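Start with the pocket, then turn to the salt bridges.

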Amino acid sequence: MFGDFLKRLTQPEPDPMADNDARLALTALLVRIARSDNDYAMSERRLIDRIAAERYGLNEADATALRTEAEELEAQAPDTVRFTRAIKDAVPYERRLDVIEALWQVVLADGSRSDEEDALLRLVSNLLGVTDTDSAMARQRVAKES
């Protein structure tokens, strides 16, 4: 189902992503971070739905459908390095900061941070070209809002 999408995503010189592809890839990244601690909680799923709904102007059913599709993509997606490289190439820096904030929201959703989540978020931030300082500031903004 996602063969062509993944092939385009992992080409040495991927084309810029269409909006729908970018939505799917970014939502799959949220799923990947939520699954990284081997506890993909319902609270994390609901939060991903809410983030997708707010970010993309979706109703509840469409946000859930996007997350469900993203779960399938994440399960089939290649390693995080190639996956995030395509996102970095397609998303301007300011929008990548929004992605990092959304990732922190998911990490902090269940009230605890695991070593696996921290490590993956550090890797993803680095691969997206987001500085450690900007990532830490994003985490602080999310923590204040919680």
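Helix H2 (19-35) and helix H3 (42-56) each supply at least two residues of the lining of the largest pocket. Helices here are DSSP runs of H or I with at least four residues, numbered from the N terminus. H2 gives the largest share of the lining, 4 residues. By class, the lining has 7 nonpolar, no polar and 4 charged residues.

This is a predicted model: local features need pLDDT of at least 70, side-chain atom pairs count only at pLDDT 80 or more, and totals for chains, interfaces and linings use all residues. Residues are numbered from 1 along each chain as its sequence is written, and side-chain values use heavy atoms, without hydrogens and water.

Now the charged pairs. A salt bridge is a side-chain nitrogen of Lys or Arg within 4 Å of a carboxyl oxygen of Asp or Glu. The count comes to 7 salt bridges. One of them joins glutamate 74 to arginine 32, with the closest N and O atoms 2.9 Å apart. This pair links distant parts of the chain: glutamate 74 sits in helix H4 (residues 60-76), arginine 32 in helix H2, 42 residues apart.

Are these two partners buried or exposed? Buried means under 20% relative accessible area, exposed over 50%, and partly exposed in between (1.4 Å probe, protein chains only). Glutamate 74 is buried at 11%. Arginine 32 is buried at 10%.

Compare glutamate 54 and arginine 50, whose closest N and O atoms are 3.6 Å apart in a salt bridge. They lie 4 residues apart in helix H3, so about one helical turn separates them. Glutamate 54 is exposed at 59%, and arginine 50 is partly exposed at 43%.

Terms used:
Nonpolar A, V, L, I, M, F, W, Y, C, P; charged D, E, K, R; others polar.
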